[in-house]
Amino acid sequence: MTKRGKRRTEREEIAQSQPQPLFFTDSEDPESYSLRNQFAENMEFRLVRDRETVTHEDAYKALALSIRDRMIRDWIRTQREYDKRDVKKVYYLSLEFLMGRLLGNALINMNFRDECKAIMKSLGYDLDEIREIEHDMGLGNGGLGRLAACFLDSMATLELPAFGYGIRYEFGIFKQEIEHGYQVEYPDNWLRYGSPWEVLREDLTYRIKFGGRVISYTDDRGRLRFSWVDTEDVLAVAYDVPVPGYGTSTVNSLRLWQAAATQDFDFRAFDAGDYLGAVEKKAETETISKVLYPNDNTVAGKVLRLKQQYFFVSASLHDIIASYKKLHKTFSAFPNKVAIQLNDTHPAIAIPELMRILLDEEGLSWDEAWYITTNTFAYTNHTVLSEALERWSVKLFEELLPRHLQIIYEINHRFLEMVRMFYDDNDPIIARVSIIQEGEAKYIRMAHLAIIGSHSVNGVAELHTKILCNELFRDFYRLYPHKFNNKTNGITQRRWLKLANPLLSELICSRIGDGWVKDLMELRRLEEFADDPAFLDEWRIAKTIAKQNLIEYIYIQNDYETRINPTSLFDSHIKRMHEYKRQLLNVLHCIWFYTRIKDNPSGDFVPRTVFFSGKAAPGYYMAKLIIKLINAVAAVVNCDPDIGNRLKIFFLKNYSVSLAERIIPATDVSQQISTAGFEASGTGNMKFQLNGAITIGTMDGANVEIREEVGDENIIIFGLLAEEVAALRSSYNPWEYYTNNQDLRRVLDMIRDNYFSRHEPGIFQPIIDSLLHGGDRYFVCADFASYIQAQERVNEIWRQRDVWTRMSIINTARSGKFSSDRTIREYANDIWKVKPVPIRL
C-alpha cells in the first residue's frame with residue numbers, strides 16, 4: 001500500500017470514529033440550505049451537541065435559531081428597503097409587550113409548521129412538546145401588552161413600516177404560585193438561559209440622564225438656551241427581536257432596551273476593600289430594566305417606575321432621531337416621516353423629551369419644536385378608572401427630570417393661555433384641564449400632557465370613546481373635538497385561532513379555504529354551514545378534543561386530584577384580577593349554584609366546570625383576597641360528595657399567553673362581566689368569540705360591538721347599563737339588595753359565617769365589608785339577580801345541543817370585525833398616514 005493510500009485509510013478510520021453529523025441523511029446534500037440541515041448545523045456549531053448529548057431543550061433552541069436565521073435575510077432586506085425608499089415609519093411605544101412564545105407564531109407566519117413537524121418527527125421529537133419548552137416572553141401584564149403584541153403581528157402582515165419599542169425586563173411580571181389558596185409571587189426569570197430570538201445591537205447604545213441641574217445661557221445668536229448638567233447617566237443597550245408578517249417577506253423589529261452602567265466596576269472601592277461598593281453602581285443602574293412594574297406603593301417603587309418610563313422613552317427617541325438624520329439634514333420633514341403612538345400614558349414623558357432634544361440638542365425654536373412634536377405623537381387611552389390615569393409628583397420630577405419639569409410648565413402655561421381665550425380666568429375649566437394638579441402637593445397629570453401634546457386621541461371601543469368624550473375628557477373634547485376618534489381593539493387570528501386551535505382551524509379551512517387567515521371577514525361564509533348536521537357534529541368534536549387537551553394539560557401542570565368532566569359546560573373567567581372585572585360576582589354565582597345542588601341533590605342540573613385564571617398586582621390586597629376566596633370555595637365544592645361532577649371550580653395558576661391558548665379553544669362560556677362603563681374594550685372577549693364561545697356579559701367595552709355583530713340571540717347580556725350605573729351611583733345602597741334578595745343574602749352570609757374558611761375565621765370579612773358597608777363600588781349586589789337569570793339562560797340553551805352549537809358557529813362567523821388587521825388599517829389610514837411597503841425578494 002502506498003503512503004498516500006495508507007494516509008487516506010487512516011483518515012477514513014479517524015472520520016468513522018468521530019461523531020457523525022447530527023441529522024444529515026445519506027440522500028441529502030450537506031451543502032444544501034434545507035431547514036433540516038440548518039437545524040443540524042445549529043445543533044453542532046452553536047450548541048455543540050451530538051446525537052448522544054442532545055436534549056429536548058437543545059432541540060428547541062436549534063429549531064428556534066434555524067427559524068430566526070431564515071428570517072434574518074428578509075429582516076435585513078426589510079430595513080434596507082425602508083431606508084432606500086425613505087418611507088414614513090410608525091413607532092409604537094409601549095411599556096408592555098406580552099408576546100408569549102414566539103416559535104409557534106413564527107412557524108405559522110412563515111409557513112414552516114408542517115415542514116418542522118415532519119423534521120422533528122423524523123428525529124424522534126414531537127413539535128408540540130418542543131414548543132412547550134419555550135418560556136413565554138412575559139414582558140406584560142394583561143390586555144395592554146397583549147394588544148401591543150397583536151398590533152406588531154398585524155403591522156408586519158399588512159407590510160407597514162413599523163417598529164416596536166419597549167424594555168427588556170430581566171424578570172417578567174412574576175411567576176404566580178398558589179400556596180394554601182393564596183397568591184404567592186416568585187421571580188419570572190424568562191432570560192435565565194437567554195433567548196434565541198433576540199439580537200444584541202451593541203452599536204445602538206444611548207446615554208440616558210437623570211437628576212442633575214439646569215443652567216441657562218445665551219448662545220451666539222443671542223437666544224436664551226438651557227443645558228442639563230451634572231447628571232447621573234445610564235446606558236441603554238438595544239436588543240432586537242424579529243417580527244415576521246404572515247405570508248409576506250416583511251420582518252419588522254421589536255427593539256427592547258436594557259439598562260447598563262456607564263462604569264461596571266469601581267477599582268478604587270475594590271482596592272480599598274469595599275467589594276460590594278465596587279459593583280454597587282452597576283447593580284443599582286441595572287435595576288431599571290430588572291422587573292416589570294415594580295410595586296409603586298413605596299417612594300422607591302415610584303422612583304424606579306418613573307425611571308423606567310423615561311429610560312425607554314429617551315432611548316427610543318434618540319434612536320428614532322438617529323435613524324431620521326441618516327437621510328435628512330433638517331427636521332422640517334420629521335412629522336412626514338415619523339409617527340409615534342403612545343400606548344397609554346406610560347410613554348407620555350416622550351412629549352417633553354422630544355421637546356428637550358429639539359430645543360436643547362438640535363437648537364430649534366419653541367414654535368418649531370412644538371409643531372413637530374404635536375404632529376408626530378398620537379395617544380391611545382386604555383382606561384376610564386381615575387386612579388389608573390397616571391400622576392407624578394412635581395417634587396419627584398424636580399429631582400429626577402428637572403429640565404422636563406421646566407418644559408412641562410411652559411407647555412402648560414402656553415396651553416392655559418389658549419384656553420383663557422375662550423374662558424374667564426375664574427372658570428373652573430382652567431383648573432380641570434391644567435397639566436398641573438394644584439394642591440398641598442402638586443402633581444403632573446400625564447393624560448392631560450398626552451392629549452395636549454398629540455394630534456390624535458383615541459379610545460379602544462365605541463362605548464369607551466363616548467365615555468372619554470362625554471365624561472372623562474369632556475373639557476378637552478370641547479377644546480379639541482378634531483383630535484378624538486375611536487379605534488376598536490382587535491386580535492390576531494393567526495395566533496388566536498390558527499395556532500391556538502388547529503383542529504377548528506382545519507375544519508374551517510375544509511369548508512371555506514384559508515383566506516380568513518389574512519381577511520377575517522371571510523369567516524362570514526361559515527354561516528351557510530350553521531344548519532348542516534354533519535358540520536355541527538364536526539364542530540362539537542373539535543370542541544371536545546380541545547377540552548380533552550386542556551384537561552390533560554391541567555393534570556400535568558397541577559396536583560389536582562379532582563377529576564374534570566369533559567362533557568360538562570366549560571365556563572372560563574381568565575383575565576387580570578381586578579375588582580371591576582368582577583371575578584367576585586362569578587364566585588357568588590358558584591356559591592349560589594352549590595347551594596341549589598345541596599338543597600336538591602337528586603335534581604337535574606347542567607354540569608359545569610368553572611375555570612378562573614389571572615394575576616393580581618402584588619400590592620392589590622382585595623384582588624389577592626378574591627383569589628383566596630375562589631380557592632377556598634373550590635376546596636369545599638370540589639370535595640363535597642353531594643355535588644359530584646355537577647360543579648367543579650379551578651383556579652389555574654400563573655396565567656399567561658400560552659395558558660390562554662389552551663383554555664380559550666376549550667371554553668363554552670366566556671365570562672365578560674365587568675361593571676358597565678369600566679372596561680375600556682377587552683380583547684379576551686374577542687378571542688373567545690373567535691373560538692366559538694358564547695359570551696355572557698354586560699354592555700361594557702367591546703361587548704357592545706360584539707352584540708351588534710352577532711345579534712341579541714347569540715349573546716347573553718345582563719346587568720345595568722353604563723348610564724344606569726352613573727345615575728344610580730349617588731343613591732346606591734347595596735344593603736337594600738342584600739335585604740331584599742334572599743339568594744344574595746344567603747351567599748354573603750355563608751362567606752361571612754366562615755363556611756369556606758373554617759380554619760381561618762374572619763378572613764373574608766373585608767370582602768363583605770366592601771360590598772355592604774363600603775359602597776360596593778362595582779355594583780356586584782345590584783347585578784347579582786340579573787346575573788343569576790343570565791346563567792339560567794345559559795343552562796337552558798346548553799340543553800339544546802344543536803341550538804348551542806349553531807350559536808357557537810355564528811359567533812365565530814361574525815368575529816371578522818375584531819381582527820387587529822382591521823384596527824391597524826384604521827390607525828394607518830386615519831392617524832399615522834403610513835402606507836404598505838411590499839418587500840419583494
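A residue counts as buried when its relative accessible area is under 20%. By that cut-off C590 is buried, because its relative accessibility is 1%. C469 is likewise buried, because its value is 11%. Both values come from a predicted model.

**Cysteines**

The structure holds 0 disulfides. C590 takes part in none, and the nearest cysteine sulfur, belonging to C639, is 15 Å away.

| Residue | Relative accessibility |
|---|---|
| C469 | 11% |
| C590 | 1% |

**Confidence**

Averaged over the chain, the pLDDT is 93, and 94% of the residues score at least 70. Residues 1-8 have a pLDDT below 50, and this stretch makes 2 contacts in the model beyond near neighbours in sequence. Residues 11-31 also have a pLDDT below 50, with 28 contacts beyond near neighbours in sequence. Where pLDDT is low, the predicted coordinates should not be read in detail.

In soluble globular proteins, nonpolar side chains tend to be buried together. The largest nonpolar core in this model has 150 residues, and I67, M155, W197, F311 and W832 have the most contacts inside it. Helix α10, spanning residues 299-325, gives the most to this core, contributing 11 residues. Apart from that core lies another of 74 residues, including V587, I716, F784 and V794.

Leaving aside residues up to four places away in sequence, F311 touches I167, I208, F210, V234, L235, A236, W257, Q258, A259 and I288.

**Helix α13**

Helix α13 covers residues 366-374, and its buried residues are W366, A369, I372, T373 and T374. What covers these buried residues includes the helices α11 (334-337), α12 (350-361), α15 (402-419) and α17 (446-452), together with the strand β13 (377-380).

**The second largest pocket**

The second largest pocket has a volume of about 1200 Å³. Its lining is made up of 38 residues, and D128, R131, L499, A500 and P502 lie nearest its centre. Elements that give two or more residues to this lining are α4 (103-109), α5 (113-122), α6 (127-133), α20 (493-499), α21 (502-512), α22 (533-557) and α25 (657-666). The largest share of the lining comes from α22, which supplies 9 residues.

How values were computed:
Residues numbered from 1 in each chain as written. Predicted model: local features only at pLDDT ≥ 70, side-chain atom pairs only at ≥ 80, totals over all residues. Heavy atoms only, no water. Core = buried A, V, L, I, M, F, W, Y, C linked by side-chain atoms within 4.5 Å. Buried < 20%, exposed > 50% of the residue type's maximum accessible area, 1.4 Å probe, protein only. Helix = DSSP H or I, 4+ residues; strand = E, 2+ residues; numbered from the N terminus. Contact = heavy atoms within 4.5 Å. pLDDT = per-residue confidence, 0-100. Disulfide = S-S within 2.5 Å. 1 Å grid on protein atoms, 1.4 Å probe; cavity = no way out; pocket = protein on both sides within 12 Å on 5 of 7 lines; lining within 4 Å. Points joined across faces, edges and corners; volume = space filled by probe spheres on them.
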